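Work through the exercises below with the sequence and the 3D view side by side. Try each task before reading its solution.

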Amino acid sequence: MSNLIFGFSLLILVIILYIYLLKNKGKNEFKKAIKKGNKNLIQNSIRIFSIFLIIGILQNFLSPKQVGDFLLNFSGLKGIITGLLTGAIMMGPPASGYPIAQYLFENNASVALVSSFLLSWVMIGIIFLTYELQNFGKKFTIIRNTYAVISIIIIAYLMELIL
C-alpha cells in the first residue's frame, strides 16, 4: 500500500512539473518534453520487459537443485568465483536466491561459496549490464561492478572466517 501511495505521489509531482513547464516555457518546449518522455518510456519499458523475461526463463528452466548440484562441485577460491559468476548470471531478488542457498547449506557447501553466490545474485547482474551502461555510462558501470566483485570476494572470505 505504501508503494502505491509513493508511486501516486511521484505521478502527481511529474504532472505538476509538466504544468510548470507548460506555463513557463511555452507549448513548443512542452511538446518537446512530452515526446522525449514518451520515447524514453517506451524504450525503457521494452528493455525492462526483456530483462525480466530472460530472468523468468532462467529461473523456470534451472531448478534450485540443478544450480546447487553444479555449485557443489567447487570449493575454495574456485567455489567463490563460480558462486560469483553463477549468481551474476542468474540474478534476481534476494528471496528467490534463498532456496538455492538453503540447498547448498544442506549439502555441506562452504559459507564462502554460498555468500559469494547470494551477494552476486543481488549486486551484479550480467543481464542488466547493457541497461546500466546506457543509463549510467561506461566508467560508472565498470567501476561499480569492479568494486562489487572485489567486495564480494572479500566478504565471502570474511564470512568463511567468522562463521
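The exercises that follow concern a predicted model, and each solution goes step by step.

**Exercise 1.** Find how many helices and strands there are in the chain, and give the order of its elements from the N terminus on.

Solution. Counting the elements gives 8 helices and 0 strands in the chain. Read from the N terminus on, the elements therefore run α-α-α-α-α-α-α-α.

**Exercise 2.** Work out what span helix H1 should have, and compare this with the distance between its end C-alpha atoms.

Solution. Helix H1 covers residues 2-25, which is 24 residues. The expected span is 1.5 Å times one less than the number of residues, so H1 should span 34 Å. The end C-alpha atoms of H1 are 34 Å apart, which agrees with that expectation. Just after H1 comes Gly-26, which takes a positive phi of about 100°.

**Exercise 3.** Compare the radius of gyration of the chain with that of a compact globule of 163 residues.

Solution. A compact globule of 163 residues would have a radius of gyration near 15 Å, whereas the chain has 21 Å. Next, look at the principal axes, along which the C-alpha trace spans about 65 × 30 × 25 Å. Finally, turn to burial: counting a residue as buried when its relative accessible area is under 20%, buried residues make up 25% of the 163 residues.

**Exercise 4.** State how many positive and negative side chains the chain has, and how far apart the centres of the two sets lie.

Solution. The chain has 14 positive side chains and 5 negative ones. The centres of these two sets lie 24 Å apart.

Definitions and conventions. Residues numbered from 1 in each chain as written. Predicted model: local features only at pLDDT ≥ 70, side-chain atom pairs only at ≥ 80, totals over all residues. Heavy atoms only, no water. Helix = DSSP H or I, 4+ residues; strand = E, 2+ residues; numbered from the N terminus. Rg over C-alpha atoms; globule rule 2.2 N^0.38 Å. Buried < 20%, exposed > 50% of the residue type's maximum accessible area, 1.4 Å probe, protein only. Lys, Arg positive; Asp, Glu negative; His and termini not counted. Charge placed at Lys NZ, Arg CZ, Asp CG, Glu CD.
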